[in-house]
Amino acid sequence: MNVKQLELIAEKSRKRLVEVVYAAKAGHIGGDLSCLNVMTALYFNVMQNLDPANPKATDRDRFVLSKGHCVEALYVTLEAKGYLKPEVLDTLGQFGSVLSGHPTIEVPGIEVNSGALGHGLSIGVGMAIAAKMDGKAYRTYVMMGDGEQGEGSIYEAAMAGNRYHLDNLVAIIDRNHLQISGDTEDVMPIDSVKERWSAFGWDVIEMNGDSMEDIVKTFDSIDYSNQKPHLLVSNTTKGKGVSFMEGIAKWHHGVLNEEQCKAAVKEIEERIAQLS
């Protein structure tokens, strides 16, 4: 799939995201928007053997959303890929809906319950070790937040990834610089993230997570036979694609009003028209 096609899918998912978060009156829309491009690339260009009709196929690549509070981005991606029906996604925020505010395995296409920050990478390490032990070719991808890097269990997983030479594991940090309590560098600085993970023995690559072209190029550059786990530092913008949200901490868990929803949709529809 080419970059323009991926951009179109991402923009359609971005529009859907704004609409469902507005209807639900809840959601972590800022972080949803910053990781949506990467998630689109993963599901439509990178991960292999994904089959909505058989979501537990043994040879499927695995995806773990460690920053589980951004589950709305995953929901719209799963809908676009065919795992979720639109009428199911429309129940987000309603009593009795199968869709929770964090990923749960009751939803087709979701591998693990997640959202307790710091746990996802450990789960991903386990999946990658299992693939090695079973002689399977599937790969595991884990999406983390940058605020999440303050969790100590991440670094235990980092050591294990290096110890077991998990070159079938790719971790991604959504580096948008903002967490619920403000700028990451004011809360718990991680500007040394590249040096830190390199010291743990990981193959570290920085990319522009706001650019689909750079995302595709970066994933294509990964050497899955180098005996090292891989970390992508995805430099992104909180609220990407909605001008009045971009780089604003309050949109970590902001709720749109009707006027804001219409304005956001209008912006996105203009880009969809240009890409169509």
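Me: How much space lies in the second largest cavity, and what makes it a cavity?
Reply: In this predicted model, about 50 Å³ of space lies in the second largest cavity. On a 1 Å grid over the protein atoms alone, a cavity is a set of points where a 1.4 Å probe fits but cannot get out; its volume is the space filled by probe spheres set on the points, which are joined across faces, edges and corners. Local features need pLDDT of at least 70 and side-chain atom pairs 80 or more, while totals for chains, interfaces and linings use all residues. Residues are numbered from 1 along each chain, and side-chain values use heavy atoms, without hydrogens and water.

Me: What makes a residue part of the lining of the second largest cavity, and which strand gives the most?
Reply: Lining residues have an atom within 4 Å of a point; among them are Y43, L74 and E111. Strand β1 (residues 62-65) gives the most, three residues, a strand being a DSSP run of E with at least two residues, numbered from the N terminus.

Me: How many residues of each class are in that lining of the second largest cavity?
Reply: The lining has eight nonpolar, two polar and one charged residues. Ala, Val, Leu, Ile, Met, Phe, Trp, Tyr, Cys and Pro count as nonpolar, Asp, Glu, Lys and Arg as charged, and the others, Gly among them, as polar.

Me: Why is A23 called exposed?
Reply: A23 has 58% relative accessibility, and exposed means over 50% relative accessible area (1.4 Å probe, protein chains only); therefore A23 counts as exposed.

Conventions. 1 Å grid on protein atoms, 1.4 Å probe; cavity = no way out; pocket = protein on both sides within 12 Å on 5 of 7 lines; lining within 4 Å. Helix = DSSP H or I, 4+ residues; strand = E, 2+ residues; numbered from the N terminus. Buried < 20%, exposed > 50% of the residue type's maximum accessible area, 1.4 Å probe, protein only.
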